[in-house]
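Biologist: Could you take me through this model, one topic at a time?

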Amino acid sequence: MERRLREFTESTFDLPVEEGSDKVMSLEEAIRQNVRPGATLFLAESANAATREVLRQFWGTKPDFTLAFIGGGIFVMCMIHGGLVKKVICSGLGGGGGPGRNAVVQKAYKEKTIEIESWSLFSIPQRLMAGAFDFPFMPTKSIAGSTMAEENTDTFQVIDDPFGTGRKIGVVQALNPDVALYHACAADRYGNAIMVPAIGSGHGPWGAFAATQGVILTVDKLVSTDFIREHSTLVRIPGYMVKAVVVVPFGAHPASLIKPGLPEVDHYSEDH
C-alpha cells in the first residue's frame, strides 16, 4: 500500500526537470522559420539582436513588413532605409540619430515610401491588450480630441456609453501582430522568460500576448526550469507563447539590460 501511494504521489505531483519541448535554436533558424514577407512584427524595445537578424536575412528584398513598436531605434531606421518596411505603427520614430529630426524618416515620409500610423505611448499597449484578450476594441481616454484621433479614424472611434450615461468614450481597434520579437534576461529551454518589469520590454508583454503566431525570444542567459520556478514571479512571458529560444549574450545591445535582482544575471548599460 505504501509503495502504491508513493508511486501515485510521484506520478501525479512531481514536477518534470524540464517543462515542455526544447525550443533552443540559432538566431538564423529562428528568423528563417518564423518571419515571412508581408508579416506584421511587434518589436519590443530591447529585441535588437533579433531585429538585426531580420535585417540580414531580408536585406536587398522587398518584404513589405508592417512594424509595430513603442519607440523605434537605429535598427528600425535601417529597415526603413533598406526598403524592408511598408508601414509603421508607433508612438515615436525619431531615434537612432541623436536629437532632432531623423533624416531617414524624413526622406521616407516625403517620398511616401512608408505609411506612418502615429499613436500615443499608452494607446498602442491598449490596442495590444485588446488583441491579447481577443476583444475587438479597448476603451481609451488617451487620444480623444487630438490630431491622432483625426488621422486614425479607421482604428479609433468615439461611441456612446452603452450603459446610458450620455457620455462619449473613445475606443481603439485591437492590434494583433503576427510575430513578436522580445529579449529577456533569462529563460528556460521551453521559453518561460524572466523580464525586467516594464523597462526594456515594450511596455510589458502585451505584444507577446497579442501575437497570433508566437514569440521569437532572445535571452542573455539560459537557465533551468527549476530556476524559473524559484523566480516565477519575474516571469512575464510563458513558454507556451514562444516559438524559438535563442541564446544571445548582450542581445539588447546597444540598449541596456537592467538586472532584475538576480545575482546569476549580469547587467549592462546603454552603449551610446
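**Strands, helices and cores**

Modeller: Strand β1 (residues 40-43) and strand β2 pair in the parallel sense over 3 bridges. Two strands pair if DSSP finds at least two bridges between them. Helices (H or I, at least four residues) and strands (E, at least two) are DSSP runs, numbered from the N terminus.

Biologist: What kind of model is this, and how are residues numbered?

Modeller: This is a predicted model, in which local features need pLDDT of at least 70 and side-chain atom pairs count only at pLDDT 80 or more, while totals for chains, interfaces and linings use all residues. Residues are numbered from 1 along each chain as its sequence is written, and side-chain values use heavy atoms, with hydrogens and water left out.

Biologist: Which residue of β2 does Leu41 stand opposite?

Modeller: Leu41 stands opposite Leu67. In β2 (residues 65-68), Phe65 and Leu67 point one way, Thr66 and Ala68 point the other way, and all are buried. Buried means under 20% relative accessible area, exposed over 50%, and partly exposed in between (1.4 Å probe, protein chains only).

Biologist: Which residues touch the most other members of the largest nonpolar core?

Modeller: Of its 68 residues, they are Leu41, Phe65, Leu67, Leu93, Tyr182 and Leu217. Strand β8 (residues 179-187) gives the largest share of this core, 6 residues. Another core, of 13 residues, lies apart from it and has Cys185, Ala186, Ile228 and Leu262 among its members. A nonpolar core is a set of buried Ala, Val, Leu, Ile, Met, Phe, Trp, Tyr and Cys residues joined through side-chain atoms within 4.5 Å.

Biologist: On to helices: which residues are buried in α4?

Modeller: In helix α4 (residues 74-81), Phe75, Val76, Met77, Met79 and Ile80 are buried. The buried residues of α4 pack against β1, α3, β2, β3 (85-90) and α5 (103-110), where contact means heavy atoms within 4.5 Å. Gly83, whose phi is positive, near 75°, follows α4.

Biologist: At roughly what angle do the axes of α2 and α3 cross?

Modeller: The axes of helix α2 (residues 27-34) and helix α3 (residues 48-58) cross at roughly 70° and come within 10 Å. Axes are lines fitted to C-alpha atoms, for helices over the stretch in contact, and angles run from 0 to 180 degrees between N-to-C directions.

Biologist: And which strands join β7?

Modeller: Strand β5 (residues 137-140) is joined to strand β7 (residues 168-173) by 4 bridges, and the two run antiparallel. Strand β6 (residues 156-160) also runs antiparallel to β7, with 5 bridges.
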